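Hi,

Here is the structure I promised to pass on. Have a look at it first, and then read my notes below.

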Amino acid sequence: METLQETTARRTDAGAIPVIDFGPFLHGGAEDRKAVAAAMRQASADWGFFYLANHGVPEPLLDRSFQASRRFFALPYEEKMGVAWQSASSNRGYVAVRRERLDASKPGDLKEAFNAGPEPAADSLAEEERPYRENRWPARPEDFRDTVLDLMDGCVAAANRVLEAFAVALDLPDGFFIDTHDQLHHTLRLLHYPPLPRGYTPQAGEKRAGAHTDYGSITLLFQHGVAGLEVRTRSGEWITAPPIPGTVVVNTGDLMQRWTNDVFCSTPHRVSPFVSGDSPGRYSIAFFCHPNPDAEIRCIESCADADHPSRYPPILAGEHLMAKLNATY
């Protein structure tokens, strides 16, 4: 198996999605931090996507999480529907195959999912907000809740480190983005793309996940073995973003693009039904990092000048998210 350095060199030479080692940012000096942040800025401008190695989420925790995901999705349909997704305002629970349509022009997606969010203490929430922050946990697997919440904690920590690097890249105070995400309105999503029968013909251009951009600031995507993710280049070509062991895929979302006045791009991506003519089952885990609902997303001063004025009016993060979710479901 090739090393991370060999993979990085090969993909960079091929003009493909970059692989960035996050270790020097976490453990190096000021110049190391600036160099890594600059690489992340370049990748976010050119691609809106990059692979991040040494991201800090422990591999044993990821293995345990994928095992829990497999056991949950193997449950009978009726049992999964007992914790079904109910509303955009909560965005929690089980999402059945074809229930979601990421590309509004195509049929429902050939995937199922389970959405959860961080669980702040009930006494820290306004009474009217509590029902919308409550997760819908299945009775089985028995360790499911603990595993998902452990992974949630790991993802929050990793996302905050990425947000800090973005602040460094944009010459902002280290905590600029972290402070606007401190209410933890994030979503952790377990995803299962069931295997399709050999010879299956997609209906009206259906995908496992239709072409879309993500809604929030950043997304962390952990892939497990089977490829399928495709990313659209600036020239309009679709390229694969296969799993690379030991890395997480990071992409910037719609609100980060607005915040940075298109310095960082929110790139369309999808999951194809077929891999090399076959369609095996696929599992992945996505962590959608979203700003506080009352955060006003307006152009960062350093991202605009006389030649590049602000392109977007200010918007509240929560209003943006609700509009997107209501359109998707």
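Let's start with a charge and a ring: Arg33 sits over the face of Phe25, 4.3 Å from the ring centre. Before you go further, keep in mind that this is a predicted model. There is a second case of this kind, with Arg270 over the face of Trp238 at 4.0 Å from the ring centre.

Arg33 is one of the buried residues of α3, along with Val36, Ala37, Met40, Ala43 and Ser44. If you look down the axis of α3, these buried residues fall within an arc of 120°, so they line one face of the helix. What covers them? The list includes the strands β1 (19-21), β2 (49-53) and β10 (247-252), as well as the helices α2 (23-27) and α6 (144-169). After α3 comes Gly48, with a positive phi near 75°.

Now to the aromatic rings. I get 13 aromatic pairs in the model, counting rings whose centres lie within 6.5 Å. One of them is Phe176 with Trp259: the ring centres are 6.2 Å apart and the planes are at 55°, which makes the pair tilted. This pair ties together distant parts of the chain, as Phe176 is in helix α7 (residues 176-179) and Trp259 is in helix α8 (residues 254-259), 83 residues apart. Are the two partners buried or exposed? Phe176 is partly exposed, with a relative accessible area of 28%, whereas Trp259 counts as buried at 2% relative accessibility.

Trp259 has another partner, Phe177. Why is that pair called edge-to-face? The centres of the two rings are 5.0 Å apart and their planes meet at 75°, and planes over 60 degrees apart count as edge-to-face, so the pair gets that label. Here too distant parts of the chain are linked, with Phe177 in helix α7 and Trp259 in helix α8, 82 residues apart. Phe177 and Trp259 are both buried.

One last thing to find on the model is an aromatic cluster. Which residues form it? Its members are Phe72, Phe73, Tyr94, Phe114, Trp137 and Phe144.

Best wishes

Note on methods: Residues numbered from 1 in each chain as written. Predicted model: local features only at pLDDT ≥ 70, side-chain atom pairs only at ≥ 80, totals over all residues. Heavy atoms only, no water. Phe/Tyr/Trp six-rings, centres within 6.5 Å; stacked < 30°, edge-to-face > 60°. Helix = DSSP H or I, 4+ residues; strand = E, 2+ residues; numbered from the N terminus. Buried < 20%, exposed > 50% of the residue type's maximum accessible area, 1.4 Å probe, protein only. Lys NZ or Arg CZ within 6 Å of the ring centre and 35° of its normal. Arc of directions from axis to C-beta. Contact = heavy atoms within 4.5 Å.
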